[in-house]
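This report goes through selected local features of one protein model.

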Amino acid sequence: MKVAVFIKPGEVKAEERIKPTIKKPTDAIIKIVRASVCGSDLWWFRGISKRAANSTVGHEAIGIVEEVGADVKNVKPGDFVIAPFTHGCGHCAACLAGFDGDCLNQEAGGNGGYQGEYLRFTNANWALVKIPGQPSDYSDEMLDSLVTLADVMATGYHAAASAEVKPGDTVVVMGDGAVGLCGVIAAKLRGAKRIIAMSRHADRQQLAKEFGATDIIPERGDEAVKKVMALTGAGADAVLECVGTEQSVDTAVKVGRPGAVVGRVGVPQKAEMNTNNLFWRNIGLRGGIASVTTYDKQILLKAVLDGTIHPGKVFTQRFDLDHIQDAYDAMDQRKAIKSLVVVSR
């Protein structure tokens, strides 16, 4: 089969590899229909984080179940599914509490290979999310939105849920990548009245407004804090941190009103953080790895199928596996908000 492989920082390519097989009774083999490149993939692509050379890549996809292990009863061959990157088991303490992103029964090193023709998916019985019908039943636009439910839409929602966004809130969203834009969607879905998107790129500003942002602030750092305070008076009720840089986290803490909660989903780029700034203003900090299967099953799949939300609009360019390098370059060079990878029809 053909699958995207990490060669070295700045280089990925599609290679022929042996098709995966069932290894555990809880596995499924999925024929990938569509996949995508994630902003977090750019970390190892840029050499910021380490990744083993010649490893398969990708962690977001939708596809058709081809084969299941003996213990998989909730999905069967032929089912159309979302393949979340979280692989929750559904029965450990973390999954039962609604945090399948921290599932205690995940297979170590199991993520990778979603940008390929076939995928071995672990914990398939609970983690896979069934989509009614078949891919041919849906428009291109709907299929795009379904792909986002494997990660970025659920991650944006996790930011909003962690920040405890509620009806009538004023919300600041840090980050104008796909996760931040999905955070705007999530804030509106949860009833926020005012949504301030921090963005300095015209195409992303426009999409943020389409998704529900009421205000745009292009400034960074202290200037951004001043702008938020000028708009809100006391600061935001909730802050969605969808970047992970030191400056973004620092700004997120400063733009909330006393008692606000920061929902943090940007993968941290610095190990240290001055938590004293939280103490002096009673700012809460929550967040982490998104609960993809939980959110998809509870709210997000229905919201997409009903046409309530349209997160697939974050895909601004599409590629096939033979042009996977171009898909990464487009995001790395900010020519695409998010790159879609069409694997099969």
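## Strand pairing

Strand 3 (residues 28–36) pairs with strand 4 (residues 61–68) in the antiparallel sense, over 7 bridges. Strands are DSSP runs of E of at least two residues, helices are runs of H or I of at least four, and both are numbered from the N terminus. Two strands count as paired if DSSP finds at least two bridges between them. The model is predicted: local features need pLDDT of at least 70, side-chain atom pairs count only at pLDDT 80 or more, and totals for chains, interfaces and linings use all residues. Residues are numbered from 1 along each chain as its sequence is written, and side-chain values use heavy atoms, with hydrogens and water left out.

Strand 4 is also joined to strand 5 (residues 80–83), by 4 bridges, and these two run antiparallel. A61 in strand 4 stands opposite A35, and A61 also stands opposite A83 in strand 5.

## The second largest pocket

The second largest pocket has a volume of about 310 Å³. A pocket here is an open set of points on a 1 Å grid over the protein atoms alone, where a 1.4 Å probe fits, with protein on both sides within 12 Å along at least five of seven lines; lining residues have an atom within 4 Å of a point. The volume is the space filled by probe spheres set on the points, which are joined across faces, edges and corners.

This pocket is lined by 18 residues, and P20, K23, T56, G112 and R120 lie nearest its centre. Strand 6 (residues 118–121) gives the largest share of the lining, 3 residues.

## D215 and D320

D215 is in strand 10 (residues 215–217), while D320 lies in the loop between strand 14 (315–319) and helix 12 (324–332). D215 counts as buried because its relative accessibility is 16%, the limits being under 20% for buried, over 50% for exposed and in between for partly exposed (1.4 Å probe, protein chains only). D320, at 32%, is partly exposed.

Both side chains make polar contacts (N or O atoms within 3.5 Å; within protein, one must be able to donate a hydrogen and the other to accept it, and residues adjacent in sequence count only if both atoms are side-chain atoms).

| Side chain | Partner | Distance |
|---|---|---|
| D215 | side chain of R194 | 2.8 Å |
| D320 | side chain of H323 | 2.7 Å |

Leaving aside neighbours within four places in sequence, D320 is in contact (heavy atoms within 4.5 Å) with V341 and V342.
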